[in-house]
Amino acid sequence: MKNEISISEAEWSVMEFLWSNPLSTITDIRKALSRNGWSDSTIKTLVRRLVSKKAAAINDEGAVFRYYALLSEQECRLKETKSFINRVYNGSVNMLVTNLASESNLTEKETEELLRLIDKMGKE
């Protein structure tokens, strides 16, 4: 991800909203995220942080500021996945897959998909 931007769990909620609702006003964002029990000032702070981190931006061409994500959802998910694997599994994808395979109740379809993805990884 650009400059290895770190997005907190709370900021992630804002990003998810912006991915689904680009060019939203701060009022739109507050209405959607107030269900989390956050105050208006907390939501404004989260948006301001994302803009300062260059994860989101402001379109100020009209009379109202509109916010949108600068980073794609896929880009953020990949970064978060890598961070998780590094933090929890010391960077070992093998340990992650082993835990998934042995400790979770994967359906047959999920197991087949996991094996297909592993096979694909080996060919890249």
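User: How many aromatic pairs does a search of the whole structure find?
Analyst: The structure is a predicted model, and a search of the whole of it finds two aromatic pairs. One of them joins Trp12 and Trp19: the ring centres lie 5.4 Å apart and the planes stand at 80°, so this pair is edge-to-face.

User: What angle counts as edge-to-face?
Analyst: Planes over 60 degrees apart count as edge-to-face, and the planes of Trp12 and Trp19 are at 80°.

User: Trp12 and Trp19, buried or exposed?
Analyst: Trp12 is buried, and Trp19 is buried as well.

User: And which residues form the other pair?
Analyst: Phe84 and Tyr89 form an aromatic pair that is also edge-to-face, with 5.9 Å from centre to centre and 70° between the planes. Phe84 is partly exposed at a relative accessible area of 35%, whereas Tyr89 is buried at 11%.

User: Changing topic: at what angle do helix 1 and helix 3 pack?
Analyst: Helix 1 and helix 3 pack at about 85°, and their axes are 10 Å apart. The two helices are therefore roughly perpendicular to each other.

User: Which residues make the contact?
Analyst: Helix 1 contributes Ala10, Glu11, Val14 and Met15, while helix 3 contributes Leu46, Val47, Arg49 and Leu50.

User: Now the backbone. Where is Leu23 found, and what is its phi?
Analyst: Leu23 is found in the loop between helix 1 and helix 2. Its phi is near 60°, a positive value in a residue other than glycine. Leu23 counts as partly exposed, at 39% relative accessibility.

User: And Asn90, what is its phi?
Analyst: Phi of Asn90 is near 50°, again a positive value in a residue other than glycine. Asn90 is found in the loop between helix 4 (73-89) and helix 5 (93-103).

User: Is Asn90 buried or exposed?
Analyst: Asn90 is exposed, with a relative accessible area of 69%.

Terms used. Residues are numbered from 1 along each chain as its sequence is written. This is a predicted model: local features need pLDDT of at least 70, side-chain atom pairs count only at pLDDT 80 or more; totals for chains, interfaces and linings use all residues. Side-chain values use heavy atoms; hydrogens and water are left out. Rings of Phe, Tyr and Trp (its six-membered ring) pair if their centres lie within 6.5 Å; planes under 30 degrees apart count as stacked, over 60 as edge-to-face and the rest as tilted. Buried means under 20% relative accessible area, exposed over 50%, partly exposed in between (1.4 Å probe, protein chains only). Axes are lines fitted to C-alpha atoms, for helices over the stretch in contact, and angles run from 0 to 180 degrees between N-to-C directions. Helices (H or I, at least four residues) and strands (E, at least two) are DSSP runs, numbered from the N terminus. Angles under 35 degrees count as roughly parallel, over 145 as roughly antiparallel, 65 to 115 as roughly perpendicular and the rest as oblique. Contact means heavy atoms within 4.5 Å.
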